[in-house]
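User: Please take me through the structure shown below by way of questions and answers.

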Amino acid sequence: MTERLNISAEQLAYVTNADPGSGLLFFQNVILPFKDEFPKDTELYRLLTTKPSEVSHDGETG
């Protein structure tokens with residue numbers, strides 16, 4: 001997998017069994033690992049979440 005993505009084993013660890021909100025950002029020739037611990041008790045989180053269990057179809061979050 002590291003060869004296919006052209007990343008190191010250390011970078012692969014950021015995406016293998018990674019927690020939600022963490023991963024790698026690829027920008028031109030730069031690869032940046034990140035871990036976002038966004039506060040879940042905010043309106044912005046409720047607007048941006050992609051977890052189906054946290055999204056309701058009536059416009060309200062659950």
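User: In what order do the elements of the chain run from the N terminus on?

Analyst: The model is a predicted one. Its secondary structure comes to 3 helices and 2 strands. From the N terminus on, the order of these elements is α-α-β-β-α.

User: What percentage of the residues in the chain is buried?

Analyst: A residue counts as buried when its relative accessible area is under 20%. The chain has 62 residues, and the buried share of them is 13%.

User: How many salt bridges does the count come to?

Analyst: The rule asks for a side-chain nitrogen of Lys or Arg within 4 Å of a carboxyl oxygen of Asp or Glu. Lys35 and Asp19 meet it, their closest N and O atoms being 3.5 Å apart. Glu43 and Arg46 meet it as well, at 3.3 Å from N to O. The count by this rule is 2.

User: How many residues apart in sequence are the parts that Lys35 and Asp19 tie together?

Analyst: Lys35 forms a salt bridge with Asp19. Lys35 belongs to strand E2, whereas Asp19 sits in the loop between H2 and E1, so the pair links parts whose separation in sequence is 16 residues.

User: In which helix do Glu43 and Arg46 both lie?

Analyst: The side chains of Glu43 and Arg46 meet in a salt bridge. Glu43 is partly exposed at 46% relative accessibility, and Arg46 is partly exposed at 31%. The two residues are 3 residues apart, about one turn of the helix, and that helix is H3 (residues 43–48).

User: What is the phi of Asn6, and where is Asn6 found?

Analyst: Most residues other than glycine have a negative phi. Asn6 is not a glycine, yet its phi is positive, at about 60°. With 65% relative accessibility, Asn6 is exposed. Its place is the loop between helix H1 (2–5) and helix H2 (9–12).

User: Near what value is the phi of Asn17?

Analyst: Asn17 is found in the loop between H2 and E1. Its relative accessible area of 77% makes Asn17 exposed. Asn17 is a residue other than glycine with a positive phi, near 55°.

User: Which elements give two or more residues to the nonpolar patch?

Analyst: Leu25, Phe27, Val30 and Leu32 form this patch on the surface, and together they have about 390 Å² of accessible area. Leu25, one of these residues, is in strand E1. The elements that supply two or more residues are strand E1 (22–27) and strand E2 (30–35).

User: Is Leu25 buried, partly exposed or exposed?

Analyst: To count as exposed, a residue needs over 50% relative accessible area. The value for Leu25 is 48%, so the class of Leu25 is partly exposed.

User: How do the residues of the lining of the largest pocket divide into nonpolar, polar and charged?

Analyst: The largest pocket has a volume of about 340 Å³. Its lining consists of Pro20, Gly21, Asp36, Glu37, Phe38, Lys40, Tyr45, Leu48, Thr49, Thr50 and Lys51. Gly is counted among the polar residues here, and Pro among the nonpolar ones. The lining divides into 4 nonpolar, 3 polar and 4 charged residues.

Methods:
Residues numbered from 1 in each chain as written. Predicted model: local features only at pLDDT ≥ 70, side-chain atom pairs only at ≥ 80, totals over all residues. Heavy atoms only, no water. Patch = residues over 30% accessible without salt bridge, like charges linked within 9 Å, V, L, I, M, F, W, Y side chains within 5 Å. Areas by Shrake-Rupley, 256 points an atom, 1.4 Å probe, with all protein chains shown as cover. Helix = DSSP H or I, 4+ residues; strand = E, 2+ residues; numbered from the N terminus. Buried < 20%, exposed > 50% of the residue type's maximum accessible area, 1.4 Å probe, protein only. 1 Å grid on protein atoms, 1.4 Å probe; cavity = no way out; pocket = protein on both sides within 12 Å on 5 of 7 lines; lining within 4 Å. Points joined across faces, edges and corners; volume = space filled by probe spheres on them.
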